[in-house]
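Thanks for coming, everyone. Let's walk through one protein structure together.

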Amino acid sequence: MSNRLSRQLVILVFGSCMLTGLVSGLWISRSVERNETAKLKKTLGLTANRYEASTEREFARKLDTGLAITKLLQEALLDPGAPRLPLDLAKGEDGALRVAVGEFGAHLAKRSEITVEAERDIEVLFYTGPKLAQIAAVDFHNFYFESAAGDLLFETPKAWPLEARADEDYRQYHALVAPEQNPQRKAAWKPVYYDGIQKLWMTSLRVPIYDGDRFAGAAGFDYILETIFQTIRDMDSAEGWCKAFLFDSAGNIIVHEDYMEQIQKAWLTPSNEVLLKNAGIADKGIADFIQSILNQGQRSMNEQVFLDRYDMNYASVRTIEPLDWKIVVYSPRSTITGPLRATQFSVIATATILAMLLAIGLNIGFRKMVLSRLAALADSATRLGAGGWDAPLPAIRDDEIGSLTASFGTMAGELHALVTGLEERVSERTAELQLARDAADAANRAKSTFLANMSHEIRTPMNAVLGFAQLLNRDPSLSASAREKVATILKSGDHLLSIINEILEMSRIEAGRVEMRLAAVDLYELLADLAFMFRMRAEEKGLTLALDRDARLPRYVVTDLGKLRQVVANLLSNAVKYTQRGSIAVRAFAGTPDRIIVEVRDTGIGISPAEQELLFHPFERTRSGEQAAGGAGLGLAISRDYAHMLGGDITLESRAAEGSCFRFEFEAPTAEDPPARVEPVWRVTGLAPGQQDIRILVVDDEPTNRELLRKLLAPLGFLLEEAADGHEALEKVKANLPHIVLMDLIMPRMNGIEATRILRESFRKEQLVILGASASAFEGERQIFFDVGGNGFIAKPFREQELFDLLASHGGVSFETEAMPSSGPDLFMEAKLALESMPGAWREAFAQALAQGSITRIRRLGEEANTISPVLSAYLLAQAGMYDLHGLNKLCNATEKGWARG
């Protein structure tokens with residue numbers, strides 16, 4: 001502890017001194033920086049003046065030279081007795097005159113005649129021009145004369161006149177000094193341009209020549225920009241601390257030392273002058289500053305400041321006369337801040353050394369006066385914390401630490417007494433909690449055992465009840481009244497089975513055993529099908545049911561179809577059940593990305609706030625709900641658990657007697673591909689010919705179950721034997737080996753799992769197929785059955801098609817199939833009309849079966865329909881045999897009471 005306090009003291013003192021040194025260094029450097037910045041701005045302005053003066057002197061000198069040469073040229077042209085160089089002037093085949101003498105040339109376009117005056121001007125120019133060209137070469141790259149008629153009467157060098165077109169018109173080049181544009185008769189500089197023949201960037205000086213009031217032409221002087229480039233770069237090198245931009249009147253960059261490589265590349269790409277404008281400024285910060293200067297249009301801008309991505313820069317701007325060029329001289333802020341860093345470092349280093357010395361001194365004194373005593377007290381506290389209640393305390397002095405030590409001793413005694421009593425209470429509470437946990441575990445095991453046993457005890461007789469009821473329903477000798485009673489038995493049995501399944505499903509949810517099966521789902525079709533199914537029930541009660549599907553709702557999503565269908569179906573079922581008048585509205589829309597919201601709103605009995613708290617609890621129902629309809633009170637509890645598994649929730653807004661709105665939100669990413677349609681399957685009518693006799697041993701302790709299987713399988717051509725338990729099954733297998741054993745898992749004496757284990761010791765799966773059957777709810781028993789060698793499994797009660805599928809897939813049995821009824825337009829229309837005439841109770845059961853996707857219940861309803869409409873019965877059985885829920889939904893949607901999908 002003492003070491004930690006010492007370190008903290010050192011850090012505190014050291015940090016304080018460091019902060020003081022840092023603030024001092026920054027304050028000193030800031031003061032110096034302000035003074036240096038003022039000096040820099042003043043110096044920058046003086047430097048910009050020098051750059052401006054130097055550049056303007058350069059162009060003034062060149063202007064004087066051009067004017068002097070032009071005056072000499074004008075005197076020679078206007079002097080009738082001026083010396084001439086005799087030339088043989090004649091036009092060529094293309095009608096143009098081209099003259100070349102030494103390094104000089106001339107061009108007379110084919111539109112111009114070789115008059116006496118033109119011949120004299122050319123001969124005078126070729127006599128006088130070479131001498132003037134020598135004078136012009138000191139300041140200019142080229143020297144020439146263009147007549148008012150647009151002919152080039154003299155040019156150095158001669159390349160251009162010899163390569164010019166026959167109809168070349170040179171008036172465009174001296175347009176700057178023509179009388180209509182230059183009535184003052186002043187010399188003018190041409191903007192920067194690229195000479196394609198000489199492949200150079202340059203500007204040109206044009207000086208007009210007049211004979212009295214007649215415009216005779218213009219003398220031209222080409223000035224290569226490389227000269228001014230070198231001049232500015234030399235000035236940058238001489239100054240050292242600053243740099244300069246040079247722009248022409250159009251904003252094209254001409255010079256900058258850092259960007260010369262880009263500018264040179266622009267020279268080599270003369271397709272557009274804009275290339276040159278963009279070449280020099282690659283940095284956006286500098287480019288924005290330069291653009292702001294050009295946009296202001298001021299002649300001179302002192303003390304401008306701009307930021308680039310590297311540093312703060314100060315700049316002064318001048319305009320070069322008479323070209324209207326702008327020169328921007330700037331210097332980085334680092335020229336000021338660089339020298340200041342040494343001052344900052346010295347101040348901070350001094351503060352650091354003082355901080356270290358002070359911290360060391362305080363640490364030594366603090367250790368002697370305080371930390372040693374605190375360390376002893378901390379040691380005593382550590383020993384007390386480890387259970388050493390007799391640990392000695394430091395000597396108590398008359399100061400703050402002494403008072404702390406005395407208080408600590410008193411606290412230690414009280415704490416000892418408290419801990420002793422607390423340990424006794426914890427031991428007692430731990431024993432009580434252990435007993436409670438054991439009781440809870442026992443209760444949970446008892447609940448699971450009870451549910452499983454209840455399931456087995458109810459499912460076992462129900463297997464016989466539903467099985468024989470199904471056989472009776474297919475008996476043609478039954479009267480209509482008897483067939484109706486059998487249908488009632490089947491419906492009641494299904495209702496009882498659904499209640500058992502809901503209880504078991506709730507148990508599986510609580511145990512976390514429900515799995516997700518994600519796949520692509522057609523959300524449009526699902527909502528339309530469910531809305532149609534429950535609309536039939538709503539209309540029977542005088543209600544209206546409407547579906548509102550938002551345009552932005554995705555059609556194909558990825559989710560668990562079964563759980564989604566059950567949640568929406570349950571919400572719609574409750575809405576219809578608890579609404580006596582008015583309407584039901586289903587609204588589906590997209591929420592946040594990858595989330596869907598389905599709202600079911602009704603004008604029913606409503607739910608009070610007090611009852612809403614219990615609504616989603618298992619086995620809980622509202623008072624009004626108990627009066628309106630029955631049920632186990634598990635639907636909403638299962639639906640909310642399913643909603644949580646789908647990544648969402650179900651919420652409720654309701655008032656008593658004013659209706660309810662259930663809001664179901666769940667996670668459903670958009671699917672890339674639509675869901676696959678179920679392919680048609682076969683329907684069994686008997687064993688396929690060409691197979692040897694197939695012997696099946698039925699093992700079940702219930703005689704009614706054995707009788708049911710015999711009456712179901714024997715008519716198809718199977719040879720059946722029976723056994724009442726595992727022992728009898730082993731004896732009959734040894735006496736006469738069957739092909740398939742249908743083994744009940746729960747039997748007295750020896751159960752099916754033990755019998756299967758013993759049989760697998762003697763027979764491989766290929767030699768003897770063992771198919772398990774059980775009404776138990778324990779899924780673990782099924783896994784144990786597969787572990788000991790079972791081939792397949794079927795749950796009781798089962799439908800005949802489920803058994804046939806198991807025999808075909810695991811037993812290798814080939815069945816003869818019944819020809820599927822045509823689903824063409826005629827049969828479809830007959831089935832549609834028959835569906836409209838079916839009783840309301842039957843249509844309600846059919847809608848529920850479609851909503852749950854139960855092929856088994858649809859098959860049974862199809863068989864029931866045979867007494868009223870054989871056509872509808874055949875169509876439903878055919879579609880159920882192909883698992884074609886989509887086709888059945890189409891049939892429903894095509895009825896007169898159907899409705900168009902939104």
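Start at S573. Setting aside neighbours within four places in sequence, S573 touches F534 and R537. Remember that what you see is a predicted model. Where does S573 sit? In helix α12, which covers residues 561-577. And is S573 buried or exposed? It is buried, because its relative accessible area is 15% and the cut-off for buried is under 20%.

Stay with α12 for a moment. Its partner here is helix α15, residues 635-645. The two axes come within 9 Å and cross at roughly 145 degrees. The crossing of α12 past α15 is left-handed. Which residues make that contact? From α12, they are K563, Q566, V567, N570, L571 and N574. From α15, they are G635, L636, I638, S639, Y642 and M645. Sorted by class, that contact holds 6 nonpolar, 5 polar and 1 charged residues.

Now zoom out. The protein has 902 residues, and 46% of them are buried. Its secondary structure comes to 25 helices and 27 strands. Look at contacts with a separation of 6 or more: 66% of those involve residues 24 or more positions apart.

Strand β25, residues 769-774, joins β26 over 4 bridges, in the parallel sense. In that pair, G772 stands opposite F793 of β26.

The C-alpha atoms of G772 and R782 are 8.1 Å apart, and the two are 10 residues apart along the chain. R782 belongs to helix α19, residues 779-787.

On to a hairpin. F247 faces I253 of β10. Between the strands of this hairpin there are 5 residues. In the turn, G251 has a positive phi of about 90 degrees.

Now a loop residue, A166. It lies between α3, at 159-163, and β5, at 188-189. A166 is buried, with a relative accessible area of 13%. What does A166 contact, leaving aside neighbours within four places in sequence? D94, A96, R98, H107, A109 and K110. Here is another distance to note. R111 is 55 residues from A166 in sequence, yet their C-alpha atoms are 8.6 Å apart.

Last stop: a second helix pair. Two packed helices are described by the angle between their axes and the distance between the axes. For helix α22, residues 840-852, and helix α23, residues 855-864, the angle is about 155 degrees and the axes are 9 Å apart. That makes the two roughly antiparallel. The crossing of α22 past α23 is left-handed. On the α22 side, the contact involves W842, A845, F846, Q848, A849, L850 and Q852. On the α23 side, it involves R857, I858, L861 and E864. By class, that gives 7 nonpolar, 2 polar and 2 charged residues.

One more point on α23. How many of its residues are buried? 10 of 10. Among them are R857, R859, R860, E863 and E864.

That's the tour. Over to you for questions.

Conventions. Residues are numbered from 1 along each chain as its sequence is written. This is a predicted model: local features need pLDDT of at least 70, side-chain atom pairs count only at pLDDT 80 or more; totals for chains, interfaces and linings use all residues. Side-chain values use heavy atoms; hydrogens and water are left out. Two strands pair if DSSP finds at least two bridges between them. Axes are lines fitted to C-alpha atoms, for helices over the stretch in contact, and angles run from 0 to 180 degrees between N-to-C directions. Angles under 35 degrees count as roughly parallel, over 145 as roughly antiparallel, 65 to 115 as roughly perpendicular and the rest as oblique. A crossing is left-handed if the near helix is turned anticlockwise from the far one by less than a right angle, and right-handed if clockwise. Contact means heavy atoms within 4.5 Å. Ala, Val, Leu, Ile, Met, Phe, Trp, Tyr, Cys and Pro count as nonpolar, Asp, Glu, Lys and Arg as charged, and the others, Gly among them, as polar. Buried means under 20% relative accessible area, exposed over 50%, partly exposed in between (1.4 Å probe, protein chains only).
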